[in-house]
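This report describes the fold, the surface and selected residues of a single protein chain. The sequence and structure are shown first.

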Amino acid sequence: MELRDLSVLNDDGSRTALTKGRIQFQSEGAETLFRRVTLTPIDRLPRIIVR
């Protein structure tokens, strides 16, 4: 999944870039346990090739 330009909609209709918050891991259909999760900052997204 790729997400771009995430933002929060303010009461006045303007948008503020989403730069911090929680990360949620999701599993479909079964319990999943995570251990030793490492988060690495990225400076750009890889190019997506559609075939």
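Where is the place of Ile-48 relative to β2? Ile-48 lies in the segment after β2.

## Basis of the model

The model is predicted: local features require pLDDT of at least 70, side-chain atom pairs count only at pLDDT 80 or more, and totals for chains, interfaces and linings use all residues. Residues are numbered from 1 along each chain as its sequence is written, and side-chain values use heavy atoms, with hydrogens and water left out.

## Overall form

The protein chain has 0 helices and 2 strands; both element types are DSSP runs numbered from the N terminus, helices being H or I with at least four residues and strands E with at least two. The radius of gyration is 16 Å, well over the 10 Å that the globule rule gives for 51 residues, so the chain is more spread out than a compact globule. This radius is taken over C-alpha atoms, and the rule is 2.2 Å times the number of residues to the power 0.38. Along its principal axes, the C-alpha trace spans about 40 × 30 × 25 Å.

## Surface and charge

Of the 51 residues, 0% count as buried (buried means under 20% relative accessible area, exposed over 50%, and partly exposed in between, with a 1.4 Å probe and protein chains only). The accessible surface of the chain comes to about 6100 Å², with 51% belonging to carbon and sulfur atoms; the areas come from the Shrake-Rupley method with a 1.4 Å probe, and for residues only the protein chains shown count as cover.

The chain carries 9 positive and 7 negative charges, whose mean positions are 10 Å apart. Lys and Arg count as positive and Asp and Glu as negative, while His and the chain ends are not counted. Each charge is placed at NZ of Lys, CZ of Arg, CG of Asp or CD of Glu.

Thr-16 is found in strand β2, residues 15-17, and is partly exposed at 41% relative accessibility. Leaving aside residues up to four places away in sequence, Thr-16 touches Ser-7, Val-8 and Asn-10, where contact means heavy atoms within 4.5 Å. The C-alpha atoms of Thr-16 and Leu-6 are 10 residues apart along the chain and separated by 8.6 Å.

Ser-14 is placed in the loop between β1 (7-9) and β2. Ser-14 is partly exposed, at 32% relative accessibility, and touches Val-8 and Leu-9, again not counting residues up to four places away in sequence.

## The aromatic pair

A search of the whole structure finds 1 aromatic pair. The ring centres of Phe-25 and Phe-34 are 4.8 Å apart and their planes lie at 35°, so the pair is tilted. Rings of Phe, Tyr and Trp (its six-membered ring) pair if their centres lie within 6.5 Å; planes under 30 degrees apart count as stacked, over 60 as edge-to-face and the rest as tilted. Phe-25 is partly exposed at 45%, and Phe-34 is partly exposed at 48%.

## The segment after β2

Arg-36 is found in the segment after β2 and is exposed at 72% relative accessibility. Phi of Arg-36 is near 55°, a positive value in a residue other than glycine.

Ile-48 is exposed, at 54% relative accessibility. Ile-48 and Phe-25 are 23 residues apart in sequence and 22 Å apart in space, C-alpha to C-alpha.
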